[in-house]
Amino acid sequence: MKRLLAVAAGVLLLALPACGQKTDETNRAAGITPKDAVAFLDFNLSPSIEQQRNLLSVARRLPGTRAKVRETFEDARDELIAEALRDTGLDYGKDVKPWLGDEVAVAALPRAGGSPELVYLVQTHDADAAEAAIAKASAHGGFAGRFAVVDGFVVVSDQVPPSDNAAVLARVAATAKKDDGGLAATPGFAKLVDQLHGDRLVLGWASTRDVLAQRRDRGGVFGGLIGGLLSTLDENGGPTAVDLHAEKQAVVAEGVTTIDPSGGKTSSLELTRSLPASTLAAVTFVGDKVPAGALAKLPAGATSFTKALGFDPRADILPWAGGESVLVVGPIRPGRRTPDLALVVQPTDAAKAQAGVAKIHDLLAGRGLPVVERQVAGTTAYVAALPFQGFQPAMGLFPGRFVLASSPEFLGDLAKPASPDLASTSGYRAAVGTDQEGTTFQVVVLIDRAREAMEALGLTDPARRAHYEKDVKPNLEPLDAFGVRSHHDGGYSRFEARLTFD
């Protein structure tokens, strides 16, 4: 029965609902899901006409799904489901379609001292036919768990050890018997879900604290970055809800979580918006949570070493780097094989920023690393005297921004607001829109432009060129841009991921 979840995922790009009418989740699978569930994922297999048109259009653009798209949504959906059931011993048209309802869901229930227990809920119009199909799959070896029909849903449990199955099914049955709305009626679920897109196909919900707790303690700088990012989703340990829907030229995931009433640092992304129009990608952080998390995860030896040199990142960088910070991927310059890279930071304290830059300069000079002064945009900047592995790092503190770039040329490009700027490009507007007020985190990748930049380098090896032209380029050409944006809105933190098409 786990394959039914794969079925729903396979239909994902073909069955998103239209916006507008809200769904009463208490009358659906969430209504019989125990209230203490830590996560819930729901697929609605009855899309609106508008969404059918949008998603069929999107699917026809992608080589991986183009061959599976038929004239009507129902034909395409049925073919995908039939293919997913191929190894179960079931004939979709005869054994499943007559009883399969409009909803497939999976819930994660807490288990003491172990990973959550997953339970699957499949809506059925004919309980007897559903039971017969599962019995047939069991005889074929395609299903080894236990099931029960509860309030119009086939509830399936396939736990390890199998002895836990009966208890899991009993918990769902008990929730249905209470008829109190289950998970769907809890404030942490209902309040957030009501904030999402309207009539949806895919709905995800999680108790953020429970799901992400094990991910925060990763070691190293990468672990610090992950921890910092997760803290933006879990500022008060509240739940998070996400939905997926389609627009005419985009597939969009929207999410919402509650935030601390005191809020946090937000920005209108002036630095990001003012980057050169030739930028290929930009990752923006607001505030010091992410850099602080990364520095906190540095090995003790690394921090001791930097302190011994007279430089402490926590003391010399964080006090002035709490504004907007942007990791920038720039263009690929002629004669280069890699794009320019940079970190652009909005200082919150100009004096401390100046002292921090001076310390970095003194540290490099004290270690015998040749650094020369150069005038860039009317400011004294510091440039590595010799290139290193194709890069020549350069840094400077300019009005309203500190820039550390991979080349002096890129440093000059980023020393002041550009014209035309990134915000004026169609890819940026399509990926994240134009209203940036209250932003806490953002990612923009201009896929179309990055593809063109890579192709301009040329592939001299015939085999690699043939592989690219056949298997890679067709999957990239339909894509325009990808964006993720998180922002505060009243008592909520909202985030959106958008994949746009040409």
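Helix 19, covering residues 462-476, has 15 residues and reaches 20 Å from its first C-alpha to its last, which is close to the 21 Å expected at 1.5 Å a residue. This helix belongs to a predicted model, in which the secondary structure comes to 19 helices and 18 strands. The protein has 502 residues, of which 49% count as buried.

**Confidence in the model**

- The mean pLDDT of the protein is 82, and 82% of its residues reach a value of 70 or more.
- Over residues 2-20 the pLDDT is below 50, although in the model this stretch has 75 contacts beyond its near neighbours in sequence.
- Residues 214-219 likewise have a pLDDT below 50, and here the model shows nine contacts beyond near neighbours in sequence.

**Overall make-up**

- When contacts between residues at least 6 apart in sequence are considered, 68% of them join residues at least 24 apart.
- The protein exposes about 22900 Å², and carbon and sulfur atoms supply 56% of that area.

**Helices**

- Helix 19 has a kink of about 40°, and this kink is centred on Glu-469.
- Arg-451 is found in helix 18, which covers residues 447-457, and its relative accessibility is 11%, so Arg-451 counts as buried, the cut-off being under 20%.
- Setting aside residues up to four places away in sequence, Arg-451 touches Tyr-468, Lys-473, Leu-476 and Glu-477; among them, Tyr-468, Lys-473 and Leu-476 lie within the residue range 462-476 of helix 19.

**Strands and their pairing**

- Strand 12 (residues 371-376) and strand 13 (residues 379-384) run antiparallel and are joined by six bridges, with Gln-375 of the former standing opposite Thr-380 in strand 13.
- Strand 10 (residues 324-329) pairs with strand 11 (residues 341-345) in the antiparallel sense over five bridges, and the bridge partner of Val-329 in strand 11 is Leu-341.
- Strand 11 also pairs with strand 15 (residues 401-405), again in the antiparallel sense and over four bridges, where Ala-342 stands opposite Ala-405 in strand 15.

- Thr-500 has its place in strand 18, which covers residues 492-501, and with a relative accessible area of 3% Thr-500 is buried.
- Leaving aside neighbours within four places in sequence, Thr-500 is in contact with Gln-249, Ala-250, Ala-430, Ala-431, Pro-478, Leu-479, Asp-480 and Ala-481.
- Thr-500 and Val-58 are 442 residues apart along the chain, and yet their C-alpha atoms are separated by 9.7 Å.

Methods. Residues are numbered from 1 along each chain as its sequence is written. This is a predicted model: local features need pLDDT of at least 70, side-chain atom pairs count only at pLDDT 80 or more; totals for chains, interfaces and linings use all residues. Side-chain values use heavy atoms; hydrogens and water are left out. Helices (H or I, at least four residues) and strands (E, at least two) are DSSP runs, numbered from the N terminus. The expected span of a helix is 1.5 Å times one less than its number of residues. The bend at a residue is the angle between axes fitted to the seven residues ending there and the seven starting there. Buried means under 20% relative accessible area, exposed over 50%, partly exposed in between (1.4 Å probe, protein chains only). Contact means heavy atoms within 4.5 Å. Two strands pair if DSSP finds at least two bridges between them. Accessible areas come from the Shrake-Rupley method with a 1.4 Å probe; for residues, only the protein chains shown count as cover. pLDDT is the predictor's confidence in each residue, from 0 to 100.
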